[in-house]
There are 2 protein chains.
Amino acid sequence: MSERVAMIGSGIIGRAFAICFSRGGYEVTLYDPVDGVARDALPRIKETVEDLENEGLLNGRSAADVTGRIQAVGTMEEAVEGAIHVQENAPERLDVKLDLFGKLDKLCRPDVVLASSSSSIVASKFTEDLEGRHRCMIVHPTNPPYVVPILELVPAPWTDKAVVQKTRERLEAMGQAPITLNKEITGFIMNRLQSPILHEAFRLVAQGVATPEDVDRAMSEGISQRWSFIGPLEVGDLNAPNGIREYAERYEPMNRGIAAEQRDLVPWAGPLIDYIEERFRARLPLDQLKDRQRWRDRRLMALAVHKQWANENIK
Amino acid sequence: MSERVAMIGSGIIGRAFAICFSRGGYEVTLYDPVDGVARDALPRIKETVEDLENEGLLNGRSAADVTGRIQAVGTMEEAVEGAIHVQENAPERLDVKLDLFGKLDKLCRPDVVLASSSSSIVASKFTEDLEGRHRCMIVHPTNPPYVVPILELVPAPWTDKAVVQKTRERLEAMGQAPITLNKEITGFIMNRLQSPILHEAFRLVAQGVATPEDVDRAMSEGISQRWSFIGPLEVGDLNAPNGIREYAERYEPMNRGIAAEQRDLVPWAGPLIDYIEERFRARLPLDQLKDRQRWRDRRLMALAVHKQWANENIK
């Protein structure tokens, strides 16, 4: 009998996490406070799981096995019954998280991990007064986590480090790529890496340096290629004959110069957005945006397949 | 008879560009002021071209065809004889560029494009006094350009826009991904996208938020996945139901908050670098750095193969 994990909230993130945990070998219960949402999630999950099976992205399991271990339940009590990990995927509202974590903390034994998929509200905002606050933390995915493996673990100051470490190991064993933040910080790490790129992309267009399409191309056909499999610090380590120290010494002056030119932000509004929107909508009318999103998701899945192959075959 | 392109300087970048232009259908002459360097480049080029043939990355051409159109010559005069495009790949020193462009401008008819691979010295610094300054510009690659297709075209204020456009079309037709900068700017675009990521990566480690390995992982298993095929502005366009305007309205407040926390730079020196270097060298001793660089290059090539496949098969 597999261990059990409970999803509280069965929208996009709840469904995606259900797949990750079931693919990782767990029994998964799905609960949603809105009647019918958890039940209706099952056929949608099945469709995604079959796509993943076709791509070879189920860790060697069958679609039937993965969907067979996911069940919808009608109450929160049933969902968490016997669960070792509870993943809350509710709307990003503090009152909702306060209410849910208050209930979950009462329902679950003290050794059950209570994780929130929150992307911006930190755990210290809604767990401080809980008796079991030591087992509460953020486990923040990037959508969809069954294709993009990163998960950001963000404990509150009172979260037990051993619980964080055990959760990290559990997620790693499932084939995810967990990282641990030692402090609560605005935007966690991924948004903090993305944010200055966005500011600079808007700035370059606002200053007339290049078109939005060319700024995008500098990323998609250029600087991102190596980042798709090694991070920025290792990129530096490999870009100087004697590693990261030499890289830092050699390139800090230029990078300080660039930073001095990147301190002022441009507003993401007005004529700048008019101009970008006009160009983007000329290329992709609004009614084709959904098709392009599906294309993006297929590309992400194909990239995951490629990376799995490359991890196994290029040493 | 194919048109001819001349490489002035036959080091790493000159060899790589020779492959790009020959794969694009041009005759290529290789010149280097150091005796023997151009000649010795040929067997190294052959080895790389054969690797590219094995991977299917020669635009359907054979290795014999591509290497057969590259020849080493003994003088700059022979190199530029009949060339329509000259690519200078000399060391990043202003005196060297001034000297070379002075000579090239005298040697080449006014309709020949004179391009520099310079990564930081802008063309206005070494072309202002030339009679043919209208046809001079930067064409800056990322190494290696036969695998990472981006090329940054950076004209001087006096460069003829029609020459820039024609050069862009020529490079695009070869299978590269040229972008055009309308202004000379520190670091061009790719380094300006990379720079704030590096500052933030060092900052996160210095502040004790996460280990260098986890910061890297946030990129390599997370935020970079979509960037590997779409740029940051289109990512935004696809991440709100009504596109980039809605995305900008929704996410500017959070991103302003993050920017406020990213204004102070941490020095890329001292205990921070000691700590990162110690961890990196424990994982990868210095004498294995070259092996890891070769692994990175094989991964980049495999990614290029994957993207070629995905561009053709995922619509």
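## A residue pair within the sheet

In this predicted model, B:Val86 stands opposite B:Leu114, a residue of strand β5 of chain B. The strands concerned are β4 (residues 83-88) and β5 (residues 113-116) of chain B, which pair in the parallel sense over 4 bridges.

## Helices packed on the sheet

Helix α9 (residues 212-227) of chain A packs on the sheet and touches β7 (150-155) and β8 of chain B. The direction of this chain A helix makes about 150 degrees with that of β8 of chain B.

Helix α1 (residues 12-23) of chain B also packs on the sheet. Its contacts are with β1 (4-8), β2 (27-31), β3, β4 and β6 (136-141) of chain B, and its direction makes about 170 degrees with that of β2 of chain B.

## Architecture of the sheet

The sheet in chain B is open and has 8 strands in the order β3-β2-β1-β4-β5-β6-β7-β8, with mixed pairing. Its edges are formed by β3 (70-72) and β8 (177-180) of chain B, each of which pairs on one side only. From one strand to the next, the twist averages 25 degrees.

## Relation between the chains

Two copies of a chain are related by a rotation about an axis and a shift along it. Here, chain A is superposed on chain B by a rotation of 180 degrees with 0.0 Å of shift along the axis, at an RMSD of 0.0 Å. This is the relation of a two-fold axis. The same surface serves both copies, as 100% of the contact residues of chain A recur in chain B.

How values were computed: Residues numbered from 1 in each chain as written. Chains lettered and ligands numbered in written order. Predicted model: local features only at pLDDT ≥ 70, side-chain atom pairs only at ≥ 80, totals over all residues. Pairing = 2+ DSSP bridges. Helix = DSSP H or I, 4+ residues; strand = E, 2+ residues; numbered from the N terminus. Axes fitted to C-alpha atoms, helices over the stretch in contact; angles between N-to-C directions. Contact = placed C-beta atoms within 7 Å. Least-squares fit on C-alpha atoms with pLDDT ≥ 70 in both.
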